[in-house]
Amino acid sequence: MKPSSCGILLMLVLALEMLKDRKTNHIPLVYIPLMPVMAVGAIVAVIPLAMFLSYQEEFDKLNPLIPSHYWFLAKKTMHALKTNNWKVSAKDL
């Protein structure tokens, strides 16, 4: 089963909501190790959407709200980023 990007994003949102709902004005030390993981997860979730918005003509048949389309978009984006030294143009997609 393919991991769902919506599920990962939902986990990030729930973790942030859990942190927000705390009644204290500071973040307990228990949550500090989670912050880099949540930041990386959020960045990885946003990069395919940025590519979709930047190169809409390349992805005219895709809808990023559909998990299978988002997964295809993420795979294609990450492959293009890895093979081109983290620089992407329309011809690379």
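Start by selecting Ile47, which sits in helix 2 (helices are DSSP runs of H or I with at least four residues, strands are E runs of at least two, and both are numbered from the N terminus). At 25% relative accessibility, Ile47 is partly exposed; buried means under 20% relative accessible area, exposed over 50%, and partly exposed in between, with a 1.4 Å probe and protein chains only.

A word on what is on your screen. This is a predicted model, in which local features need pLDDT of at least 70 and side-chain atom pairs count only at pLDDT 80 or more, while totals for chains, interfaces and linings use all residues. Residues are numbered from 1 along each chain as its sequence is written, and side-chain values use heavy atoms, with hydrogens and water left out.

Zoom out to the whole chain. You will find three helices and zero strands, running α-α-α from the N terminus. Of the 93 residues, 27% count as buried.

Next, select Leu9, Ala45, Leu49, Pro64 and Tyr70. Among the ten residues lining the second largest pocket, these lie nearest its centre. A pocket here is an open set of points on a 1 Å grid over the protein atoms alone, where a 1.4 Å probe fits and protein lies on both sides within 12 Å along at least five of seven lines; lining residues have an atom within 4 Å of a point. The volume of this pocket is about 170 Å³, taken as the space filled by probe spheres set on the points, which are joined across faces, edges and corners.

Colour helix 1 (5-20) and helix 2 (34-54): each gives at least two residues to that lining. The largest share, four residues, comes from helix 2. By class, the lining has nine nonpolar, one polar and no charged residues (Ala, Val, Leu, Ile, Met, Phe, Trp, Tyr, Cys and Pro count as nonpolar, Asp, Glu, Lys and Arg as charged, and the others, Gly among them, as polar).

For the last stop, show the side chains of Asp60 and Lys61. They meet in a salt bridge at 4.0 Å, N to O; the term means a side-chain nitrogen of Lys or Arg within 4 Å of a carboxyl oxygen of Asp or Glu. The structure holds one salt bridge.
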